[in-house]
Amino acid sequence: MKKKLPIGIQTFKEIIDNNYAYIDKTGIALELIHNYKYAFLSRPRRFGKSLFLDTLHNIFEGKKELFENLAIYNKWDFDDTYPVIKISWGGDFKTLESTHKTAMDILQINQKRLGIECKLDDTPSGCFRKLIVEAYNKYQKPVVVLIDEYDKPILDNLENLQIALENRDFLRSFYVMLKENDAYIKFAFLTGISKFSKANIFSGLNNLEDISLTPRYATICGYTQSNIVNEFRDYFNGVDLDRVKEWYNGYNFLGESVYNPFDILKFIKNDFVFENYWWESGNPYFLITLLKQQPYNIPNLENITVGKELLNSFEVEKLRLEVLLFQSGYLTIDKMMATPLGVRYRLKVPNMEVQLSLNSLFLDYLCNSTYDENRLRLHEALQVGDMEVFSDTFTSLFASIPYNNYVKNNIGEYEGYYASVFYAYLAASGFNIIAEDVTNSGRIDITLLLKKQIYIIEFKLSKEKSKTNTALEQIKAKEYAFKYKDQNKNIYLLGIEFNTEDKNISSFEWEKFI
């Protein structure tokens with residue numbers, strides 16, 4: 001009999017008691033407890049961080065009956081219990097005062113559960129310190145501290161810099177209590193989305209070890225392919241697992257890639273309809289706010305390479321789009337590379353869900369329209385090399401962009417804008433694209449790969465149509481097509497030129513490579 005699906009349930013006891021489907025993470029939990037005293041895990045939202053934290057809570061409180069038939073059952077002394085302080089940040093963080101009040105409310109819940117009182121007129125930091133010390137004194141055992149979404153008071157205010165910085169300063173003074181009360185603590189585990197630099201929020205907690213990209217903890221949250229094939233096999237009868245993998249797998253934390261659990265559970269519940277479940281559960285429009293502050297060439301998302309120091313750096317005062325995209329789950333690690341300057345990481349969009357959704361968001365920002373009605377027609381046209389439909393689709397797209405998109409900025413004066421619109425539209429339509437495609441003689445602006453066709457696209461920007469050295473001539477002169485000549489596919493060369501006065505395509509030239 002199929003078990004119920006634990007959609008939105010973050011309480012370990014409820015899952016076990018009510019016979020919900022559960023992927024056993026207790027073996028990883030045991031290893032984590034044995035190897036760390038202070039650990040931090042960064043994962044995107046709805047990835048199972050809260051459930052894992054609650055699993056730890058039940059382990060330390062000795063709820064042995066909940067762990068029968070799980071990996072930890074005969075490997076942990078459940079009679080050796082510990083007082084647990086659990087802080088799950090949720091509430092109103094729109095002012096520093098409301099953040100303080102929320103913190104005190106959370107601490108009072110812990111006081112009641114542990115049978116400990118702190119003076120209500122204390123600061124949150126002072127109350128946190130007392131709670132640790134008094135729990136140690138009452139139970140004569142070191143304290144376990146579990147903090148979920150440690151960064152939420154900051155991330156909820158990314159569009160209000162002053163409040164975000166005030167909350168960051170408050171959290172720094174709050175978390176430093178872990179270090180100052182080290183003698184009373186057995187184990188502390190913090191989860192979140194962002195990874196602030198040590199100088200920012202964890203300046204007073206330099207003994208915190210980040211396991212986010214430690215390979216043996218790559219699957220600490222999320223479902224693996226093995227989980228889909230084995231534990232969920234009864235749910236996926238007759239379902240195309242390759243397509244499921246294409247849509248929802250691909251998150252890589254330097255180990256086996258994983259699925260977002262929320263996607264899989266919603267996909268099953270909704271009768272295997274491929275939709276953007278995880279994406280639609282969040283609010284990614286802070287990315288648009290960031291794009292407005294620092295214009296970005298969207299195709300560059302295909303070619304981002306960063307150092308570890310960047311992935312570990314989240315600065316409220318100077319947010320970087322690639323960092324935010326990675327830490328939020330819109331980009332993931334494609335490859336780790338050793339270089340003379342140290343380890344570097346190539347990033348990529350993880351799967352089809354994020355590709356479609358993220359580029360639809362970008363397209364909405366660039367054009368004030370997702371222009372959905374012509375996508376199916378374009379798909380059909382490109383399968384047979386219909387260049388007229390290709391040209392008409394994008395000419396109409398650029399013509400539809402409101403004039404005020406160009407007012408008070410020079411967005412229409414640089415090639416990256418037009419390339420971004422092309423890229424976002426094609427990616428949001430589900431095409432397989434390579435941006436800045438490297439060849440022996442240069443880089444192709446965009447390569448579009450279909451089952452039977454390949455399109456090599458070069459852009460050029462000018463105030464009038466080029467009479468010599470056109471975009472198409474550049475493709476031919478640099479022999480870009482030779483990279484793909486052995487693939488037994490039709491290859492089309494497209495030179496597309498834009499007029500900065502009309503803000504549209506001025507020349508669409510093409511020919512078939514022979």
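**Figure 1. Two buried tyrosines, Y455 and Y492, in a predicted model.** Both Y455 and Y492 are buried. The model shown here and in every other view is predicted. The ring centres of Y455 and Y492 lie 5.1 Å apart, and the ring planes meet at 15°. Planes under 30 degrees apart count as stacked. The Y455–Y492 pair is therefore stacked. Y455 belongs to strand 11 (residues 453-462). Y492 belongs to strand 12 (residues 490-499).

**Figure 2. A tilted pair of rings, F170 and F174, within helix 7.** The structure holds 50 aromatic pairs. In one of them, the ring centres of F170 and F174 are 5.7 Å apart and the planes stand at 40°, so this pair is tilted. Both residues lie in helix 7 (residues 161-180). They are 4 residues apart, which is about one turn of the helix. Are F170 and F174 buried or exposed? Both are buried.

**Figure 3. Charged ends over the rings of Y20 and F274.** K4 lies over the face of Y20. The distance to the ring centre of Y20 is 4.6 Å. R243 has its charged end over the ring of F274. Here the distance to the ring centre is 4.1 Å.

**Figure 4. A salt bridge between R216 and E31.** The count of salt bridges comes to 17. One of them joins the side chains of R216 and E31, at 2.8 Å from N to O. Side chains of opposite charge can pair when their charged atoms come close. Where do R216 and E31 lie? R216 is in the loop between strand 5 (209-210) and helix 8 (225-229), while E31 is in helix 2 (residues 26-35). The pair therefore ties together parts that are 185 residues apart in sequence. R216 has 45% relative accessibility, so it counts as partly exposed. E31 is partly exposed too, with a relative accessible area of 31%.

**Figure 5. A salt bridge between E61 and K63.** The side chains of E61 and K63 meet at 3.5 Å, N to O. E61 has 24% relative accessibility and counts as partly exposed. K63 has a relative accessible area of 27%, so K63 is partly exposed.

Figure 6. D169 forms a salt bridge with R172. Their closest N and O atoms are 3.1 Å apart. Both residues lie in helix 7, 3 residues apart, or about one turn of the helix. D169 counts as partly exposed, at 38% relative accessibility. R172 is also partly exposed, at 24%. Which residues join into one network? Salt bridges that share partners connect R168, D169, R172 and E317.

**Figure 7. The largest cavity and its lining.** The model has 1 cavity of 30 Å³ or more. About 70 Å³ of space lies in the largest cavity. Its lining includes S42, R43 and P44. I193, K195, S212 and L213 also line this cavity. By class, the lining has 5 nonpolar, 3 polar and 2 charged residues.

**Figure 8. The second largest pocket.** This pocket holds about 570 Å³ of space. Of the 24 residues that line it, E302, K348, V349, Q355 and I433 are the closest to its centre. Which elements each supply at least two residues of the lining? They are helix 9 (241-248), strand 8 (342-348), helix 15 (352-367), helix 18 (415-428) and strand 9 (432-439). The lining has 9 nonpolar, 9 polar and 6 charged residues.

Figure 9. Most residues other than glycine have a negative phi. R46 is not a glycine, yet its phi is positive, at about 55°. R46 sits in the loop between strand 1 (38-42) and helix 3 (49-60). This residue is partly exposed, with a relative accessible area of 40%. L254 also has a positive phi, of about 70°, although it is not a glycine. L254 is in the loop between helix 9 and helix 10 (261-269). Buried means under 20% relative accessible area. L254 has 18% relative accessibility, so L254 counts as buried.

Key
Residues are numbered from 1 along each chain as its sequence is written. This is a predicted model: local features need pLDDT of at least 70, side-chain atom pairs count only at pLDDT 80 or more; totals for chains, interfaces and linings use all residues. Side-chain values use heavy atoms; hydrogens and water are left out. Rings of Phe, Tyr and Trp (its six-membered ring) pair if their centres lie within 6.5 Å; planes under 30 degrees apart count as stacked, over 60 as edge-to-face and the rest as tilted. Buried means under 20% relative accessible area, exposed over 50%, partly exposed in between (1.4 Å probe, protein chains only). A charge sits over a ring if NZ of Lys or CZ of Arg is within 6 Å of the ring centre and within 35 degrees of the ring normal. On a 1 Å grid over the protein atoms alone, a cavity is a set of points where a 1.4 Å probe fits but cannot get out, and a pocket is an open set with protein on both sides within 12 Å along at least five of seven lines; lining residues have an atom within 4 Å of a point. Grid points are joined across faces, edges and corners, and a volume is the space filled by probe spheres set on the points. Ala, Val, Leu, Ile, Met, Phe, Trp, Tyr, Cys and Pro count as nonpolar, Asp, Glu, Lys and Arg as charged, and the others, Gly among them, as polar. A salt bridge is a side-chain nitrogen of Lys or Arg within 4 Å of a carboxyl oxygen of Asp or Glu.
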